[in-house]
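Here is a short note for a first reading. Please keep the sequence and the structure open while going through the points.

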Amino acid sequence: MASGEEDGTVEEKETNNKKRTKGAIATAWLTFYNIAMTAGWLVLAVAMVRYYLQKGTHKGLYRNIARTLKFFQTFALLEVGHCAIGIVRTSVIVTGVQVCSRIFMVWFVTNSIRQNEESVILFVVVWTITEITRYSFYTFNLLNHLPYFIKWARYNMFIVMYPLGVIGELLTIHASLPYVRRSGMYSLRLPNKYNVSFDYYYFLIIVMLSYIPLFPQLYFHMLRQRRRVLHGEIVVEKDE
Amino acid sequence: LKHVEILDAKTKDKLCFLDKVGNIFTFNPQWYPARQSIRLDPKGKSLKDEDVLQHLPVGTTATFYFRDLGAQISWVTVFLTEYAGPLLIYLMFYFRVPFIYAPKYDFTTSKHWVVHLACMCHSFHYVKRLLETLFVHRFSHGTMPLRNIFKNCTYYWGFAAWMAYYINHPLYTPPSESTHTQTLNIQLHIFCQIGNFSIHIALRNLRPPGSKTRKIPYPTKNPFTWIFLLVSCPNYTYELGSWLGFTLMTQCLPVAAFTLVGFIQMTVWAKGKHRSYLKEFRDYPTLRSPILPFIL
């Protein structure tokens, strides 16, 4: 009887130890990941500022940073994985939609079309500011040492950044339409043996229209999170 | 005699109390009975319509919690609407109603026999579903949330239009398979339609009219039901088979996509049903898989 009990507690301790090591590995990896991403987007920010200071214009700036941008933005696919395996407690779908829309912009919209430089710069700048704030927030959170101004930045700057980014993205997609139509790129016409067709031009229009239902949902989701975080703070202060 | 009070599950406000249990209809006329969810625990499961106050685990004072389920619509209405759509929509494409294809094709018919056959199969499939909804199915729940009708109709109507557009297109490319292979595909489709119908009849016969009892389904004299030996939800297995046959017959990518999405959804449902069978019946046959014999 006594030995049976001992075995039980030994097993429990082992599973608890395993859980704790898994948790420690996950935290270590996430900390490394978020530091690396913060650094990456900082590098982008610095490169953009240097280019502008040296050349005095934003023309050609996108082409200059395109490769670095694509690298770090694509790396963000890992975040979907983090949600899927449960080490980050966010919905896989929300993260998936966010990351996919970024990847779509960077690989399929800007990558293949000569486009209006201004709108591209607009959303790239917005993304850079947002991502530096977001990844440093996660990093400090994981290190349990969150400076108030980072928390403030994360839950307030999006109010302006998010709409600005959307405007930049929509203007860019819109500007790419004439070239897409002329070149017929990424499109599949009938007849073919799969009996399906795809018109990239109309697809882009549908993507633009989809911002109408999707953007408010994500925006209000952030607003609700903000209220919860700041509201929670007020309650704590009152007690003290 | 019991004293019954009913509280709102979220705010714990006292909504009303009753000496003889009447109904909460009088408190808020918007809350018709189908919308009312009454439970013993705020986060627990809803009580059933058939539950009797005497037999519930409560003392002399019973506290129930009320939750508003939102606007409801009957299952029959939803099914009829979501199935009538594809039937009519596909026919519109088949007859090449104006404004779909180029004007010179208006009201023409395809020269490929497989296109005519596809229309017959697709139409028969949805007529069968409509008739089953009216005469065969015995529904466990009377209603579902109203927003489901928009979601479901978008899915069914959308896919039907997408498939029908290409199959009935003037530039449709018929499969290059031999007539022999095509005959096999058609036979698969028809075989599975009969199978699916047989399962629906068998499930209906498990449940006497008006009742909501649940029993383990078993193979009957009908050979199409012998698949119950290996599968918990053979209606979904046959449904997958039907659409597989239709996909192979038409060689149309949108049809393959519809089959795939349907398969994923039905697998989710089958696994859920399989799990609840296992939970409810101690002696549930162990050889059975949810949807695909031995595999899934």
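Which residues in α3(A) meet which residues in α4(A)?

1. **The pair of helices in chain A.** The model is predicted. On the α3(A) side, the residues are Leu77(A), Glu79(A), Val80(A), Cys83(A) and Ala84(A). They meet Val92(A), Thr95(A), Gly96(A), Val99(A) and Ile103(A) in α4(A). Sorted by class, this contact has 7 nonpolar, 2 polar and 1 charged residues.

2. **How the pair is arranged.** Two packed helices are described by an angle and a distance, both taken between their axes. For α3(A) and α4(A), residues 92–109 of chain A, the angle is about 170°. Their axes lie 9 Å apart. Angles over 145 degrees count as roughly antiparallel, so α3(A) and α4(A) are roughly antiparallel to each other.

3. **Confidence in chain A.** The average pLDDT of chain A is 86. A score of at least 70 is reached by 89% of its residues. Among the elements of chain A, helix α3(A), residues 77–85, has the highest mean pLDDT, at 93. The lowest mean belongs to helix α8 of chain A, residues 200–239, at 81.

4. **The ends to read with care.** Where does pLDDT stay under 50 in chain A? One stretch is residues 1–5 of chain A. Another is residues 235–240 of chain A. For residues 1–5 the model has 0 contacts beyond four places in sequence. For residues 235–240 of chain A the count is also 0.

5. **The make-up of chain B.** How many helices and strands does chain B have? There are 6 helices and 6 strands. Read from the N terminus, the order is β-β-β-β-β-α-α-β-α-α-α-α. So much for the order; next come burial and contacts. Chain B has 296 residues, and 44% of them count as buried. Take the contacts in chain B between residues at least 6 apart in sequence: 74% join residues at least 24 apart. The accessible surface of chain B is about 16600 Å². Carbon and sulfur atoms account for 65% of that surface.

6. **A closer look at Ser289(B).** Ser289(B) sits in the segment after α6 (253–280) of chain B. Is Ser289(B) buried or exposed? Its relative accessibility is 10%, so Ser289(B) counts as buried; the cut-off for buried is under 20%.

Notes: Residues are numbered from 1 along each chain as its sequence is written. Chains are lettered from A and ligands numbered from 1 in the order in which they are written. This is a predicted model: local features need pLDDT of at least 70, side-chain atom pairs count only at pLDDT 80 or more; totals for chains, interfaces and linings use all residues. Side-chain values use heavy atoms; hydrogens and water are left out. pLDDT is the predictor's confidence in each residue, from 0 to 100. Helices (H or I, at least four residues) and strands (E, at least two) are DSSP runs, numbered from the N terminus. Contact means heavy atoms within 4.5 Å. Buried means under 20% relative accessible area, exposed over 50%, partly exposed in between (1.4 Å probe, protein chains only). Accessible areas come from the Shrake-Rupley method with a 1.4 Å probe; for residues, only the protein chains shown count as cover. Axes are lines fitted to C-alpha atoms, for helices over the stretch in contact, and angles run from 0 to 180 degrees between N-to-C directions. Angles under 35 degrees count as roughly parallel, over 145 as roughly antiparallel, 65 to 115 as roughly perpendicular and the rest as oblique. Ala, Val, Leu, Ile, Met, Phe, Trp, Tyr, Cys and Pro count as nonpolar, Asp, Glu, Lys and Arg as charged, and the others, Gly among them, as polar.
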